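Please examine the sequence and the structure shown below.

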Amino acid sequence: TAATASFTASATLAQQLELEGDVAGVYAWAEFSDGTAYAVPATQLAVTSSTEYIDLTAGSASAPWKMEVAVGALPTCGELLDAAWTVCGSTVAEEPVYVHLDLPAASSLTA
C-alpha cells in the first residue's frame with residue numbers, strides 16, 4: 001500500500017542573501033495533519049535549483065544543505081529551489097521553495 005503525504009515549504013527570514021558568495025543553510029520541516037512537525041534530516045532531503053544563480057552543497061548527518069549565491073548572479077526571486085523528502089529511496093513529499101536574491105543593482109559600467 002502506498003502512503004500519500006504532503007508538506008508545505010515556507011520561509012522565515014533568517015538570513016539575507018545580498019552578495020555573490022553569501023551562504024545560507026537549507027532546512028525542511030514536515031507538518032502532519034495532526035499538527036505535529038518533523039525536522040527532516042539533511043540526509044533525507046534532496047534540494048535542486050532551477051537557476052544558475054544558486055550553487056548547492058548536499059547536507060550530511062552533521063550539516064545542513066547549503067545554498068550559495070553564485071558568481072555572476074543577478075537580483076531575482078521566486079520558486080528557485082525544490083525540496084524533496086525521501087525515505088528509503090522513495091519521495092514522500094516535494095515542494096518548491098521561494099528564494100529572494102536581493103543583490104545590489106550595478107551602479108556603473110567601465111569599458
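## Overall composition

The model is predicted. Its chain contains 0 helices and 8 strands. Followed along the sequence, the pattern is β-β-β-β-β-β-β-β.

Of the 111 residues in the chain, 27% are buried. The accessible surface of the chain is about 7,400 Å², and carbon and sulfur atoms account for 53% of that area. Among contacts between residues at least 6 apart in sequence, 50% join residues at least 24 apart.

## The sheet S4-S7-S8

An open sheet is built from 3 strands in the order S4-S7-S8, with antiparallel pairing. The edges are taken by S4 and strand S8 (90-101); each has a single partner strand, so one side of each is left without a neighbour in the sheet. On average, neighbouring strands of this sheet are turned by 25° against each other, direction ignored.

Within this sheet, strand S7 (residues 76-87) runs antiparallel to S8, and 11 bridges join the two. One of the residue pairs is formed by Glu79 and its bridge partner in S8, Tyr98.

## The sheet S1-S6-S5

Another open sheet consists of 3 strands in the order S1-S6-S5, and its pairing is antiparallel. Here strand S1 (23-26) and S5 stand at the edges; because each has a single partner strand, one side of each lacks a neighbour in the sheet.

S5 pairs with strand S6 (residues 65-69) in the antiparallel sense, over 4 bridges. Leu56 stands opposite Met67, which belongs to S6. As a general point, side chains in a regular strand alternate between the two faces of the sheet.

Strand S2 (residues 28-31) and strand S3 (residues 37-40) are paired in the antiparallel sense over 4 bridges. Ala30 has Tyr38, in S3, as its bridge partner.

The hairpin of S2 and S3 has 5 residues between the strands. In this hairpin, Gly35 takes a positive phi near 90°.

## Thr51 in the loop between S4 and S5

Thr51 lies in the loop between strand S4 (45-49) and strand S5 (54-57). Is Thr51 buried or exposed? Its relative accessibility is 14%, and Thr51 therefore counts as buried, the cut-off being under 20%.

The side chain of Thr51 also has a polar contact with the backbone. A polar atom of this side chain lies 3.1 Å from the backbone nitrogen of Tyr53.

## Cysteines and disulfides

How many disulfides does the structure hold? The number is 0. In general terms, a disulfide is a covalent bond between the sulfur atoms of two cysteines.

Cys77 has a relative accessibility of 43% and so counts as partly exposed. Cys88 has a relative accessible area of 81% and is therefore exposed, since the cut-off for that class is over 50%.

Terms used
Residues numbered from 1 in each chain as written. Predicted model: local features only at pLDDT ≥ 70, side-chain atom pairs only at ≥ 80, totals over all residues. Heavy atoms only, no water. Buried < 20%, exposed > 50% of the residue type's maximum accessible area, 1.4 Å probe, protein only. Polar contact = N/O pair within 3.5 Å; in protein donor to acceptor, adjacent residues only side chain to side chain. Disulfide = S-S within 2.5 Å. Contact = heavy atoms within 4.5 Å. Areas by Shrake-Rupley, 256 points an atom, 1.4 Å probe, with all protein chains shown as cover. Pairing = 2+ DSSP bridges. Axes fitted to C-alpha atoms, helices over the stretch in contact; angles between N-to-C directions.
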